[in-house]
Amino acid sequence: MKRVIIKITGKVQGVSFRQSTLAQATSLGLTGYVSNLTDGSVQVLAQGSYPAVDKLISWCETGAPMASVDNVYVEDDEADDIYLEFSIVQL
């Protein structure tokens with residue numbers, strides 16, 4: 001099991017990035033969440049198999065069709081709370 005927090009910067013709010021991330025993560029069988037942050041970026045917590053998480057990280061480099069991604073920051077997350085699905089949340 002791999003668990004990461006991904007922060008995506010650029011033009012990533014107001015372009016259906018969260019909805020597209022939800023669809024992509026769900027199709028990969030991942031659990032966790034996606035949320036807009038107050039600084040204009042998007043944060044994703046993704047957990048699942050190593051290949052699936054890596055595919056989502058790669059997808060985030062381009063993201064939603066209308067998005068313009070500047071940077072993708074990834075850090076391992078060691079927390080142990082469990083997510084049963086992938087959802088859009090407010091942090």
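Helices (H or I, at least four residues) and strands (E, at least two) are DSSP runs, numbered from the N terminus. The model is a predicted one, in which local features need pLDDT of at least 70 and side-chain atom pairs count only at pLDDT 80 or more, while totals for chains, interfaces and linings use all residues. Residue numbers start from 1 along each chain as its sequence is written, and side-chain values use heavy atoms, leaving out hydrogens and water.

Now widen the view to β1, residues 2–11, which runs antiparallel to β4 and is joined to it by eight bridges. Strands count as paired if DSSP finds at least two bridges between them. Strand β1 also pairs with β3 in the antiparallel sense, over seven bridges, and there Ile-8 stands opposite Val-42 of β3. Seven of the ten residues of β1 are buried, so the strand is mostly covered (buried means under 20% relative accessible area, exposed over 50%, partly exposed in between, with a 1.4 Å probe and protein chains only).

The whole sheet is open and mixed in its pairing, with five strands in the order β4-β1-β3-β2-β5. Its edges are β4 (68–76) and β5 (86–88); each has a single partner strand, so one side of each is left without a neighbour in the sheet. On average, neighbouring strands are turned by 15 degrees against each other, direction ignored. Helix α1, residues 17–27, packs on this sheet and touches β1, β2 (31–36), β3 (42–48), β4 and β5, its direction making about 175 degrees with that of β5. Contact here means heavy atoms within 4.5 Å; axes are lines fitted to C-alpha atoms, for helices over the stretch in contact, and angles run from 0 to 180 degrees between N-to-C directions.

Which residues of α1 are buried? They are Phe-17, Arg-18, Ser-20, Thr-21 and Ala-25. Down the helix axis they fall within an arc of 160 degrees, so they line one face of α1 (the arc is that of the directions from the axis to the C-beta atoms). These buried residues pack against β1, β2, β3, α2, β4 and β5. After α1 comes Gly-29, with a positive phi near 75 degrees.

The other helix, α2 (residues 50–60), lies across β1, β3 and β4 and runs at about 5 degrees to β1. What ties it to α1? Searching the whole structure gives two aromatic pairs. One of them, Phe-17 with Trp-59, is tilted, at 5.6 Å centre to centre and 55 degrees between the planes. Phe-17 belongs to α1 and Trp-59 to α2, so this pair ties together parts that are 42 residues apart in sequence. Both residues are buried. (Rings of Phe, Tyr and Trp, the latter by its six-membered ring, pair if their centres lie within 6.5 Å; planes under 30 degrees apart count as stacked, over 60 as edge-to-face, the rest as tilted.)

Our last stop is Tyr-83, in the loop between β4 and β5. At 25% relative accessibility, Tyr-83 counts as partly exposed. Leaving aside residues up to four places away in sequence, Tyr-83 touches Arg-3, Thr-31, Gly-32, Tyr-33, Leu-45 and Gln-47.
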